[in-house]
Amino acid sequence: METVNEILNKLETADNTTKNELENKLVNIGSSVVPQLVDQLQVVRGIKRGVVAMTLIRIGDASVKYLKKAAEINKDFEWVAEYLIREIQGVQAA
């Protein structure tokens, strides 16, 4: 099985179809990958960041506690975490 980093590295040269396949692969790994994805979300940029964010949203509730924990530690990340949590919980931004 590929690691999260291996999958993310493939995104650098991915077309849209491949990007969707890689995102699905991450989602299919499931909640065990959430801590690593939350860590990655704080450092990756561009297409990688978008895919990581969507993966966390699609994994859903299992992502929330890790996002909250990361936001407590990294105040610069707080708004990102809050946004993703709202998306996961289906609460529209005011």
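Mentor: A polar contact is a pair of N or O atoms within 3.5 Å, where within protein one must be able to donate a hydrogen and the other to accept it. Keep in mind too that this is a predicted model.

Trainee: Is Ser 63 buried or exposed?

Mentor: Ser 63 counts as buried because its relative accessibility is 0%, and the cut-off for buried is under 20%. Beyond its neighbours within four places in sequence, Ser 63 is in contact with Val 34, Leu 56 and Ile 88.

Trainee: Leu 56 again! Which residues have the most contacts inside the largest nonpolar core?

Mentor: Leu 56 is one of them, along with Leu 37, Leu 41, Leu 67 and Phe 77. That core has 28 residues. The elements giving two or more residues to this core are α1, α2, α3, α4, α5 and α6. In soluble globular proteins, nonpolar side chains tend to be buried together.

Trainee: Let's take Leu 41. What does Leu 41 touch, leaving out residues up to four places away in sequence?

Mentor: Arg 49, Val 52, Ala 53, Leu 56, Leu 67, Phe 77, Val 80 and Leu 84.

Trainee: And Phe 77, where does that sit?

Mentor: Phe 77 is in the loop between α5 and α6. With 2% relative accessibility, Phe 77 is counted as buried. Setting aside residues up to four places away, Phe 77 touches Val 38, Leu 41, Gln 42, Leu 67, Ala 70 and Ala 71.

Trainee: New topic: at what angle do α3 and α4 pack?

Mentor: About 145 degrees, and their axes are 9 Å apart. The crossing is left-handed.

Trainee: Which residues meet there?

Mentor: From α3, Val 34, Leu 37, Val 38 and Leu 41; from α4, Arg 49, Val 52, Ala 53, Thr 55, Leu 56 and Ile 59. Sorted by class, that contact has 8 nonpolar, 1 polar and 1 charged residues.

Trainee: Now the lysines. Is Lys 48 buried or exposed?

Mentor: Lys 48, in helix α4, is buried, with a relative accessible area of 14%. The side chains of Lys 48 and Glu 12 are joined by a polar contact of 2.7 Å. Apart from neighbours within four places in sequence, Lys 48 is in contact with Leu 8, Asn 9, Leu 11 and Glu 12.

Trainee: And what's the polar contact for the Lys 10 side chain?

Mentor: The Lys 10 side chain pairs with the side chain of Glu 2, at 2.3 Å. Lys 10 lies in helix α1 and counts as partly exposed, with 39% relative accessibility. Not counting residues up to four places away, Lys 10 touches Glu 2 and Leu 22.

Trainee: Great, thanks for the tour!

Definitions and conventions. Residues numbered from 1 in each chain as written. Predicted model: local features only at pLDDT ≥ 70, side-chain atom pairs only at ≥ 80, totals over all residues. Heavy atoms only, no water. Core = buried A, V, L, I, M, F, W, Y, C linked by side-chain atoms within 4.5 Å. Buried < 20%, exposed > 50% of the residue type's maximum accessible area, 1.4 Å probe, protein only. Helix = DSSP H or I, 4+ residues; strand = E, 2+ residues; numbered from the N terminus. Contact = heavy atoms within 4.5 Å. Axes fitted to C-alpha atoms, helices over the stretch in contact; angles between N-to-C directions. Left-handed = near helix turned anticlockwise from the far one by under 90°. Nonpolar A, V, L, I, M, F, W, Y, C, P; charged D, E, K, R; others polar.
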